Structures are given as C-alpha cells and as structure tokens.
Amino acid sequence: MPSPALFSFRKDNAADPRGLLSSIGEVVYSWDIQSDALSLGPNATDVFGTLPERAMTRGIGFAALVEPGSGPSRYDAIFGSSEQDQGEGVLYRTRYAIDLGGRKMWAEDTGRWFAGSDGRPACARGVLRLDRAVRSEEFGSSGSDLCDRPALVEQIGLSLQEHLPQDRPVVVLVAAIDELARLNDDFGHEATDEIVITAHERLRSVTRQRDHLVRYAGNSFAIILSGCPRDQIDSAARRFIKVVAESAIETSHGIALVRLRVGAAHAPELGSHAGELLAAAEGALAAARAGASEDAVIARPQRRRQDRADHGGLDVQAVTALNERRVRLALQPVVSARTREVAFHEALLRVGQPEAGLFFASAELVPLLERRGLVRLFDHRVFELALAMLAGDPALTLSINVSPVSLGDPEWLDAFLTLAGSSRGLASRLIVEITETATIQDPVRIAKLLARIKQHGCRIALDDFGAGHTSLKHLRAFPIDILKIDGAFTQNLRRSTDDRFYVRTLIDLARHLEVETVAEWVDDELQATMLRDWGVTYLQGHLVGRAELVTEVQPERRRAVG
C-alpha cells in the first residue's frame, strides 16, 4: 500500500485527486477493448511503481502481470457477463493478484463496460485498487484465501456454462494429501500447514493458465480443466501426482515425503450439474484413498434402476432416434482469416425432439454412443445427411467428425467408401475430421485408412491438434490437408504468453508441412487479429458464427435401422 505521505492538499485545502487516489492505492483507467489501448491514471507510477511500458499502454500487457489461478482477469469478468448493455454500461467486479516486479499484491478491479454497435463489449472504464500483499498460501484461491464449497460449485457451474455448449469437455479433479493425519502426528500442525502450502505451489506450477486451481476444505485441492478429453484425464492426474511427490518437502520440523490421491469427474459424461460433478469427483477421491494401488480414480456414470432392468433401453432409444429422423445437423461456419468469407461449415451432430425444440449436442452424445457401440450408426447417418446437403447446394462444403471407433470398424469404413465412391462429385466438397488422439495408438494403420478415404476425393482434417502427442515423424505420414488447432490454446491468447508461443509454433509447423490451419474457439477480435497476423488460414468460433440447426434435409431412406 502506498505511504500516506503521498496524500496531499492544495492551497485551498481541497484534496488533490492524484494524492488522494494514491493514498488509498487506487488508479483509474480506460480500456478500448477493440484496439486494446489502455490508459491508466496519472498516479499509476505512484501506486504500481515502474512497470513495463506495454503493461501501462496495452490491455494484454497489463494482463501479463496477473498471477495464473489467482482470480478472473478483467477480460474474463467482462466477457463472462451474460448481461446486455442498455445504454448505461454493465457493471463488472473481480479480484486477482498481480506481480509488480517481484512484489505481489491483490488488486480489486471494478468498472463498467460499454457495448459497440454489435452489442459486444467495446470499451471499459474502471478503477484498480491495491489491497494488500499476497501470502504464498493464497495463490490459486480464485480471489479468496480459502475457497469454500459453495464458491467452488459456483466456479464449476460457470465453467460448464462456458464450455459445454461449445462441445468443450470439462473435468473436475479433487486432490488431497494422503495420510495427512499421520503427518500431523509426526511433524505437528505448523509443519502440516507448510506441507499443504508447498503442495499447492507445486500443483500451481504445472496447472495450465486456462484452468482453475483452488484450495478448499482445508487440505483439499480442486482443479477445473477445460477442453480435456476423457482419454487424457489419467495423464493429467498423473502430472499433478508426480509434481507433488517429485521431492521431499522440507518443513521447520523435519523432511516429509508426500503422496497425493486424486479423484476425477468428466462432463458431459456425468452430466452438467456442478454439484453432482463435484460430488462424483469426491467419491472417486474416496475410492482412491481406500485403494492400496490406485493413486487416481475416474468417476464412472451410475446406471439407473431402469437401465439395470432394461440393458437394451438406451440402444432402443438410439435406434428409434435414427429411424424417426431425429438426427440433425448444426452447421458452424469456418471463415478465411484474411477476408472473413466462409470457406466451409463444420457439421455437428444434434439428436432430439424438433417439436419440443430440445436437442443434445455431440459433446454429450459421442462418449455415450462410443461406450455402447452405437457411434458408427450415428457417424454413418451424419455422413448421409451431409451428402444430401451437398447434393442440394453445389456451393456448399462440409466437414464431418468421425469417431476413432468408427474409423477402426471395417463395416463402417466399407459403407463410407461405398457411398463416397458413388458420390465422387460430392466427396470433393467433403472434409473428414478425426481427432489427434485417434492417431496415437496405431499411426501406421490410421495413415493407411486415411489414405483410402482421401483416394475417394475427400479431404482430411486433424482436429484438436496440439492436445495430443502426435510426433512430427508420424504427422508427416498422415495425408492431412488441414490442421485444426485445439481451441483450449487459442482462447487464452490475450492473457497467456505460453499459449501465444505454442500456437505460433503450431502454425509454423503446419506451414512447414504445407497444410492449412483452422483456429478454433475464436471469440474476440484481438484473437482473430493475432491469428491472422501469424498466418493461420481459417477462423472458427463465436466471433465469426455460431452453430445453427439447419432446416431438415434427409437423404432418401434405404431401410430402417434395427
């Protein structure tokens, strides 16, 4: 906090505004969101000390001072609002920690944002107030010393609302130090507190900036992972377990060896209710603690009584949805990064009841369909619907997603190749998307399968690129036309130096391979400008167009399924 000596009076005994603001640690600011120009009040140096010029003049530069995991940034607070500007601006308020050249302070950030002609936030005016120095144990608490359970449930709910509608999975990990009571008996309360603080700092060191790490219930930690596929949960949990156990923890009362136990729950697999998701993760943690061998346990869906009584119930419902033409497509545009002209659309699976306006998205459906062995039927119907749409619109180009399960099914592949062969003129306007994780287990076999698909005129896109571990050697062997960069990396370009470096590296790699690139989850103009300047080919996200359910177009039905 600045010294009270900074407080001063003018000759007429009226308070000097600069001195007054500085004495209470406050700085006013104006932020032009569209150009990212930031203007801080004239007392900024008095309060913050000497900062890099970029932090004083650019929103993205100031955001670089924010400590990861300490709380929602100003950008998050503004763009996370569901309110509309009715002409008087929209209030926002957040709290986070900032690093002022090694001196870490809490900052209260309050203001109003004002919409532009498109209704989106265009500028903001507010005030920053430095609160007090940050203690090491406070980091990762999302703006509070210790996050209680209701606040954690609320944070999980916000993540679900943000990511699930965009087909982005959310994972909740709950971690706890094993045998903490024994450690307390051996070392005492003071040393135990030191152990918890050190474990928290180690967890924060390997937590991605886009994720949320909080400490709650005293000695437990919760980590909310966005854009984490189910098949990567175990490796993520192992990363956290390893970093805590990598070396002994030195305390004031001795050296302790610490082990972490982790429980995990995945959305949408376990639903979209924040409280139930946290409870499932806590149940998985209890199972991990009870077991002698498993350090990490992933919660599995509980089968309802009706499901146990009728094992075929879901299968019947799925086949009924196919036969009753309740499988539909939602199209999301993919545009040129330079011209913003639509290059093609991604066709996304939707299943539901048109008369009720209720549809389930692919992120909720595909994992369930894969577990029940039904996904190839739906992938085939999506392919049929896409061909029907291409036949009805000669100017249309579509991309469709194919599950790794379908890709490895000879029956599905034969049917796909037969249809593609009979519609070769249409196949040239079709892009087949597979996830990067689908290429890892058997890259040689996958490369041959993709080559067969491409021989029929289709293009190949590698989806969620950057989320897996595909080597450059294997990547060169795949007949890839388009790399789609995982949106989990592009969504944080404004705030994360690491993600900016990583995305630029991926774009350079694609350029080296002479393939086009799509940046996913592009939600604001600054993202789009950065990506365009770095050489990305296409943009996809809410900024350029949301997925919209299309008017029903059905192929000629050959026979009912079942």
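The peptide bond leading from Ala-267 to Pro-268 is cis, with omega near 20°.

## Basis of the model

This is a predicted model, in which local features need pLDDT of at least 70 and side-chain atom pairs count only at pLDDT 80 or more, while totals for chains, interfaces and linings use all residues. Residues are numbered from 1 along each chain as its sequence is written, and side-chain values use heavy atoms, with hydrogens and water left out.

The protein contains 22 helices and 22 strands. Of its 562 residues, 51% count as buried; buried means under 20% relative accessible area, exposed over 50%, and partly exposed in between (1.4 Å probe, protein chains only). Among contacts between residues at least 6 apart in sequence, 65% join residues at least 24 apart, where contact means heavy atoms within 4.5 Å.

Strands E7, E8, E6, E11 and E12 form an open sheet in the order E7-E8-E6-E11-E12, with mixed pairing. Two strands pair if DSSP finds at least two bridges between them. Strand E7 (212–216) and strand E12 (296–298) are the edge strands, each with a single partner, so one side of each is left without a neighbour in the sheet. From one strand to the next, the twist averages 20°. Within this sheet, strand E6 (residues 170–177) and strand E11 (residues 260–267) pair in the antiparallel sense over eight bridges, and Val-174 stands opposite Gly-263 in E11.

Helix H8 (residues 189–205) lies across E6, E7, strand E8 (220–226) and E11, running at about 170° to E7. Helix H10 (residues 274–290) lies across E6, E7, E11 and E12, and runs at about 145° to E11. Axes are lines fitted to C-alpha atoms, for helices over the stretch in contact, and angles run from 0 to 180 degrees between N-to-C directions.

## Ser-226 in strand E8

Ser-226 belongs to strand E8 and is buried, with a relative accessible area of 5%. Not counting residues up to four places away in sequence, Ser-226 touches His-163, Pro-169, Arg-208, Arg-210, Asp-211, Ala-488 and Gln-491.

## Parallel strands E18, E19 and E20

Strand E18 (residues 459–465) runs parallel to E19 and is joined to it by three bridges; the bridge partner of Phe-465 in E19 is Ile-485. E19 also pairs in the parallel sense with strand E20 (residues 516–519), over four bridges, with Leu-483 opposite Thr-517 in E20.

In strand E19 (residues 482–485), Ile-482 and Lys-484 point one way, whereas Leu-483 and Ile-485 point the other way, and all are buried.

## Helix packing and the nonpolar cores

Helix H16 (residues 410–422) and helix H18 (residues 443–455) pack at an angle of about 20°, with their axes 9 Å apart. H16 is therefore roughly parallel to H18; angles under 35 degrees count as roughly parallel, over 145 as roughly antiparallel, 65 to 115 as roughly perpendicular and the rest as oblique. H16 contributes Leu-413, Asp-414, Phe-416 and Leu-417 to the contact, and H18 contributes Leu-449, Arg-452 and Ile-453.

A nonpolar core is a set of buried Ala, Val, Leu, Ile, Met, Phe, Trp, Tyr and Cys residues joined through side-chain atoms within 4.5 Å. The largest such core has 68 residues, of which Leu-407, Phe-416, Ile-453, Leu-531 and Leu-539 touch the most other members. Helix H14 (residues 375–392) supplies the largest share of this core, nine residues. Leaving aside neighbours within four places in sequence, Ile-453 is in contact with Leu-407, Leu-413, Phe-416, Leu-417, Val-432, Cys-458 and Ile-460. A second, separate core of 31 residues includes Ala-199, Phe-221, Leu-260 and Ala-264.

## Two residues with positive phi

Asp-36 has a positive phi of about 65° although it is not a glycine. Asp-36 lies in the loop between strand E1 (26–32) and strand E2 (37–40) and is buried, with a relative accessible area of 1%.

Glu-514, likewise not a glycine, has a positive phi of about 60°. Glu-514 is placed in the loop between helix H21 (497–513) and E20 and counts as exposed, at 74% relative accessibility.
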